[in-house]
Amino acid sequence: MAKTGGNCHKCGICLAVCPVYRVLQEEQASPRARIQLIKAHAAGRLPSSPLLKELIGKCLMCGSCAASCPSGVNHYAAFMEMRAQLIAEHGDRAEIRGLVYLLAKEQRLRLAMGAARIGQTIIPGRFQKKYRLGKIPVKNYPRLNGRPFRSAVAEEIAPAGRECGTVLYFTGCATNHIFAETGFATIKLLGRLGYRAIIPRRQTCCSIPMLYHGGLEEARANIEANVECLQYEKAEAIIVDCPTCGSALKNEFPAMMRRFGLDDSAALAIAAKTTDIMSFVHERLERLELPQGDKPVKVSYHLPCHLKNSFAPADRVLRRLPGIDYIPAEDGSACCGGGGTFFYEYPEVSARMATGKIESVRRTGADLWLTDCPVCRINLAGRLGDGNALTMMHPATFLAGLLRD
């Protein structure tokens, strides 16, 4: 505990950046309070209890507190470790345990997604409109891919023109099973930039959802498998389109390999090469032939927490694009309340965050609302309502759509 909470001086800087505290305005919902609770428990002054589990668990795990802490307190690691301990002692919700079980094996996830895809076609529309998951009507959840993205593309894809390098592409679960268009757009962008894209077949879940919910052993198997399949010396970079996956590869893989008592050198090499697709494009934007649009499209952007705390925001690219009218929202970098399963476990808190962002982006008059994170997209798009004229998509999808075929 000394490494994660021993240096906390209760200064309160973390309160200003904590999305949950900003909504609830309760000290017990603040990062510094969680650190003090963890320290009290470690010292034997505070017993383990369902209430303690609730207080520690009501966190988006966005990492903003750790990123802003002047004392270098690793709130993120402390919270993750404590959550795992309390879940082991008090259990977790059945549906969350089920999610961890499915994500632990790719074949299980494929079967579950196949069943869900069938369900989307046979469940009556009125039921999908009435029934809600995390305050979001089932009908507002995205349609699942007709087949997993990694099954729909070749493992190695050469660029159409002159080849300048090779990259690995870590697709993540969301692109593989939900947002295939993000994957196709990423491949298109890489090809236009002159890169050969290798999509390792043996990749699996990045393990962040399992780590957040105490599934340490399940996460270990996935992390080891991913570290093994992402080792390729000729790869210039490892591309992600999901900020959470990127955070896992950059931060959690090395840390967890050390925790497992394993050599972290391969994980550190992977971390050094990992970058998100829009940062990769930003450094090479001049290679893309972008047409000047006749009528500028109005675009706004939501910055995901894991992106701002691990990578660079995609609006750097948007500000450089010809033929678009980029209109930043007032709270474009504020958390949307998605947070993995947070929007499902704490729907009231999440809804308050998302509602404010939706109202803000509507004031911009934007036609398109872009975000890199699939959970942010599910959470925000799911709350836009019927008859909505605002379209959400990944920035890579928007950018790829601008390129001439």
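Here are some notes on the cavities and a few paired strands in this predicted model.

1. Some ground rules. Residue numbers start from 1 along each chain as its sequence is written, and side-chain values use heavy atoms, with hydrogens and water left out. Local features need pLDDT of at least 70 and side-chain atom pairs count only at pLDDT 80 or more, while totals for chains, interfaces and linings use all residues.

2. How many cavities of 30 Å³ or more does the structure hold? There are five. A cavity here is a set of points, on a 1 Å grid over the protein atoms alone, where a 1.4 Å probe fits but cannot get out. Volume is the space filled by probe spheres set on the points, which are joined across faces, edges and corners.

3. The largest cavity comes to about 110 Å³. Its lining (residues with an atom within 4 Å of a point) has 14 residues, and Cys-8, Cys-11, Cys-14, Cys-69 and His-75 lie nearest the centre.

4. Next, the second largest cavity, at about 90 Å³. Of its 13 lining residues, Cys-18, Cys-59, Met-61, Cys-62 and Cys-65 lie nearest its centre. Helices H3 (19–24), H4 (31–42) and H7 (75–90) are the elements that each give two or more residues to this lining; helices are DSSP runs of H or I, at least four residues, and strands are runs of E, at least two, numbered from the N terminus.

5. Now the strands, which pair if DSSP finds at least two bridges between them. E8 (residues 297–302) runs parallel to E9 (residues 324–326) over three bridges, with Val-297 opposite Ile-324. E8 also pairs in the parallel sense with E10 (residues 368–371), over four bridges, and there Tyr-301 has Leu-370 as its bridge partner.

Conventions:
1 Å grid on protein atoms, 1.4 Å probe; cavity = no way out; pocket = protein on both sides within 12 Å on 5 of 7 lines; lining within 4 Å.
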